[in-house]
Amino acid sequence: MELPARKNKILNAVVKQYISAGEPVGSKALLGLLDFPVSSATVRNEMAALSEMGYLVQPHTSAGRIPTQLGYRYYLDHSIEPVQIDPRERRAIDDAISLCADDPEHILSKGAEILSQLTGYAALSTTPPADNTTIERIKVVQVSRHTSMMVMITSKGMVKNRLFRCDYNLDSDTLKVFEFTLNDMLSGVRLDRITPAFVQTVAVTSGDVMILMPKALLSVMEAAREASVINIVSFGLSNLLQTGEFNVEQLKGIYRFLHDKTSQEKLLFAKKGRIATYIGTESKNPDISSTGIAVAHYPILGVEAGAFAVIGPVRMDYTAAVAYADYISQTCGRLITELLE
């Protein structure tokens with residue numbers, strides 16, 4: 001249900017002021033924040049009506065009002081205004097992340113670190129889920145006379161390296177054969193198909209060349225197994241300690257969540273689309289029911305891949321959190337796509 005214009009503006013002003021100051025908002029203070037003429041009595045009546053509708057609550061009899069979870073949700077769905085990040089700040093973000101542009105997982109980790117620094121809250125990032133992920137290509141690089149490195153690149157931009165050792169001398173011609181054979185056999189194969197049984201079948205059907213490269217094939221299997229697991233990194237738990245918004249039990253719950261990979265995956269990929277937000281109990285996870293969360297999904301090669309998230313108090317600055325999470329996620333997705341292309 002959409003609120004009438006006046007109620008919408010009053011609710012919007014209360015939410016913004018409470019996010020900014022952290023104190024209940026009274027009708028007199030609200031008068032100076034509204035962009036239309038109205039009496040104090042009218043504002044009081046409208047705030048009372050919004051309270052009856054469940055958008056505001058009065059924590060104490062003599063206090064002003066603060067937004068409820070429903071009030072925040074209405075604000076995010078109807079009133080939040082997109083923020084353009086300052087060009088100088090965008091350049092600083094780009095420069096910092098570009099320093100890690102040789103490795104997708106470093107890109108994502110750096111993005112989460114910067115997101116935490118900019119918002120002052122906790123932040124995390126994930127590698128893409130392995131659903132329908134295939135081997136894009138394989139490179140074989142000589143390290144020493146008997147040792148080489150297998151570099152596997154997936155269709156979602158993840159790069160996994162494995163060293164393997166042979167009992168005979170390696171040369172450039174042999175490695176070219178390895179690389180050609182591995183790509184011929186495995187390019188386009190889904191990661192979840194690279195099982196011991198599959199590897200054994202490939203070895204049997206590949207002829208004499210496989211006699212020389214069983215360890216190379218095993219290194220691909222190990223890399224595929226690792227690439228099939230979502231990697232999640234988090235930064236800034238200490239930031240939440242400094243907000244003063246959480247009690248000890250709430251902080252313990254957030255800590256559990258940040259160390260529970262299954263819960264993180266469930267939340268971050270529950271909703272499709274570029275941006276998702278969760279306020280309080282909307283997460284359906286008691287450990288983080290005291291938080292507000294903004295999630296931004298990044299694309300790789302035009303397809304939605306992994307996620308970034310900001311975790312703060314319910315009254316966090318959602319406008320800034322969404323803007324930073326969205327910009328950083330899109331930047332990281334673009335850099336990873338460029339690596340693939």
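Phe178 is buried, at 1% relative accessibility (buried means under 20% relative accessible area, exposed over 50%, partly exposed in between, with a 1.4 Å probe and protein chains only). The model is predicted: local features need pLDDT of at least 70, side-chain atom pairs count only at pLDDT 80 or more, and totals for chains, interfaces and linings use all residues. Residues are numbered from 1 along each chain as its sequence is written, and side-chain values use heavy atoms, with hydrogens and water left out.

The structure holds 4 aromatic pairs (rings of Phe, Tyr and Trp, the last by its six-membered ring, with centres within 6.5 Å; planes under 30 degrees apart are stacked, over 60 edge-to-face, the rest tilted). Tyr72 belongs to helix H4 (residues 69-79) and Tyr318 to helix H13 (residues 318-340), so the pair ties together parts 246 residues apart in sequence. Helices (H or I, at least four residues) and strands (E, at least two) are DSSP runs, numbered from the N terminus. Tyr72 is buried at 3% relative accessibility, and Tyr318 is buried at 0%. The rings of Phe164 and Phe178 are also paired; their centres are 6.3 Å apart and their planes at 35°, so this pair is tilted. Phe164 lies in strand S6 (residues 159-165) and Phe178 in helix H7 (residues 172-186), so parts 14 residues apart in sequence are tied together. Phe164 is buried, with a relative accessible area of 4%.

Two charges sit over rings (NZ of Lys or CZ of Arg within 6 Å of the ring centre and within 35 degrees of the ring normal). The charged end of Lys271 is 4.4 Å from the ring centre of Tyr278. The largest pocket has a volume of about 370 Å³ (the space filled by probe spheres set on the points, which are joined across faces, edges and corners). Its lining has 19 residues, and Pro82, Val83, Val322, Ala323 and Asp326 lie nearest the centre. H13 gives the largest share of this lining, 6 residues. The lining of the largest pocket divides into 9 nonpolar, 4 polar and 6 charged residues (Ala, Val, Leu, Ile, Met, Phe, Trp, Tyr, Cys and Pro are nonpolar, Asp, Glu, Lys and Arg charged, the others, Gly among them, polar).

The second largest pocket has a volume of about 250 Å³. It is lined by 15 residues, with Tyr18, Ile66, Tyr72, Val314 and Arg315 nearest its centre. Strand S2 (66-67) and H4 each give two or more residues to this lining.

Salt bridges number 17 (a side-chain nitrogen of Lys or Arg within 4 Å of a carboxyl oxygen of Asp or Glu). Glu46 bridges to Lys7, with the closest N and O atoms 2.8 Å apart. Glu46 in helix H3 (residues 40-52) and Lys7 in helix H1 (residues 5-21) are 39 residues apart. Both Glu46 and Lys7 are buried. Arg73 and Glu282 meet at 2.7 Å, N to O. Arg73 is buried at 15%, whereas Glu282 is partly exposed at 22%. Glu105, Lys160, Arg162, Glu222 and Glu226 are linked in a network of salt bridges.

Methods. 1 Å grid on protein atoms, 1.4 Å probe; cavity = no way out; pocket = protein on both sides within 12 Å on 5 of 7 lines; lining within 4 Å.
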